[in-house]
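This report covers helix packing and side-chain pairing. The sequence and structure come first.

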Amino acid sequence: CGSKGCSPTTHNAVKNLFLSMSRPPASILDRPVGRGGARGSSATEGYVSLSAFAYLYSELVQYHQSRVASISELERRLESAGYGVGLKVLELLAYRARESKRETRLMNILQFVSSSVWKALFGKAADSLERSIDHADEFMIVDYEPVTSTYVSVPADLGQLSADAYVSGIIAGVLEGAGFTARVTAHSVRVEEGEYAKAPSTPGLPARKDKAVFLVKFSREVLARDAALER
Amino acid sequence: GQDDCKQQVAINRLSRPRARRQARSNRPDQRIPDLPETANMGFLHLFIVNKSGGLIHHRPLGARAPRIGTNEWLRIGSTFHSLHAIAAEASPVRLLGNKNSDGADDGIEQIEAGGLVLSCLQTRTGVKFVITAEPGTPDLDMVLKEIYVLYADCALKDPFYELEMPIRCELFTQAVDALIERVEKTGARLR
């Protein structure tokens, strides 16, 4: 499980069922992530420290950077790394929510992504979900403090790169798994004066100058299907 | 004033033997006049030396910091590194088993001169954070520790930063500036 805040996986949950009947966990791999113990009792249960995630993600980016020749290829690699996570997160959240219905409408699945998926992965809902004015098939999910680029300073010679390509891969995985094929890209957009009033969640760091905008472009069949459902 | 500050420092350092270089000048025209503390609260420069002695970062922290050219900076960095190493050897008593609570080896911790106080924090990995300030600036140790935290956050967690290379992380410089601004503001308010 590669995402932050992912509480004991289904595998661990099943294991816990057996373990609670028998002796304590034998190895560290059997224990749930975060503080173990009764479910939901501790505030830090299921949480991974931001520093641990930042170091791991930093290594992931460096690993790929040493193997690619261009910025777009690096972004594509990060996206494919997140894609698998997206598929699994969708299954996990659907299982946990225990809803018998699945989302079939475009707006609903986008709401699902920007609230439930974000909350499960990052502990907070996405800051806004917008529809593009120029293109009917483009939507934007905005996050003012993306977890993947909290400590990242992109050098000037890699100007266009967004370190949040991993998250756009996650979104693409979730949408694809739900049946909405889409191309998702991450962009860093300058925050305008007075646009974001909240204090930064990481103490000691200055307020971020850029926000992450995830541009979701659905494929034509998905839009046609959604229009047909509308009628 | 300055004398009290020196005596206080001497008392604090008595229990831990350190090599200290004192370059105080006693000429009356070179002593800093008794201005209110806000005027004396001036950080001058920050520089960071990696474990092989190369300078990886330098930054002016205040308006009164003199301008120093890049080559001069490189020389200052490597000179300080060598002096730090020599000072550890020259210390009359060596701490057994490295009992220093900061975890770093012996070496120069503070240099006090007529118009300048230089404070150094060496980490376990050999990186040295050095800050210079006008005499009477409080909280130099605290500021150094905070800068170390910022280094661990903004530089080490940045995938585009190579270890031991010059720090080019924008986030680090912004955070250092914000920190100095915050310290000067709270310092000015307390007085």
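At 48% relative accessibility, how is B:Arg75 classed: buried, partly exposed or exposed? B:Arg75 counts as partly exposed, because 48% falls between the limits of 20% and 50%. The model is a predicted one. B:Glu72, the salt-bridge partner of B:Arg75, is partly exposed as well, with a relative accessible area of 37%. Both residues lie in helix 3 of chain B (residues 70-90), three residues apart, about one turn of the helix.

Across all chains, the whole structure holds 13 salt bridges. Three of them are listed here.

| Salt bridge | N to O distance |
|---|---|
| A:Arg105 and A:Glu230 | 2.9 Å |
| B:Arg75 and B:Glu72 | 3.0 Å |
| B:Glu164 and B:Lys51 | 3.3 Å |

The A:Arg105 and A:Glu230 side chains meet in a salt bridge. This pair links distant parts of the chain, 125 residues apart: A:Arg105 sits in the loop between helix 3 and helix 4 of chain A, and A:Glu230 in helix 6 (residues 220-230) of chain A. A:Arg105 is partly exposed at 25% relative accessibility, whereas A:Glu230 is exposed at 59%. A network of salt bridges links A:Arg105, A:Asp226 and A:Glu230.

Chain A contains six helices and four strands, and 40% of its 231 residues are buried. Helix 3 (residues 71-97) and helix 4 (residues 106-122) of chain A pack at about 90 degrees, with axes 11 Å apart; the two are therefore roughly perpendicular. Residues making the contact include A:Val89 and A:Leu93 of helix 3 and A:Phe112 and A:Ser116 of helix 4. The contact residues comprise seven nonpolar, one polar and no charged.

Methods: Residues numbered from 1 in each chain as written. Chains lettered and ligands numbered in written order. Predicted model: local features only at pLDDT ≥ 70, side-chain atom pairs only at ≥ 80, totals over all residues. Heavy atoms only, no water. Axes fitted to C-alpha atoms, helices over the stretch in contact; angles between N-to-C directions. Parallel < 35°, antiparallel > 145°, perpendicular 65-115°, else oblique. Contact = heavy atoms within 4.5 Å. Nonpolar A, V, L, I, M, F, W, Y, C, P; charged D, E, K, R; others polar. Buried < 20%, exposed > 50% of the residue type's maximum accessible area, 1.4 Å probe, protein only. Salt bridge = Lys/Arg side-chain N within 4 Å of Asp/Glu carboxyl O.
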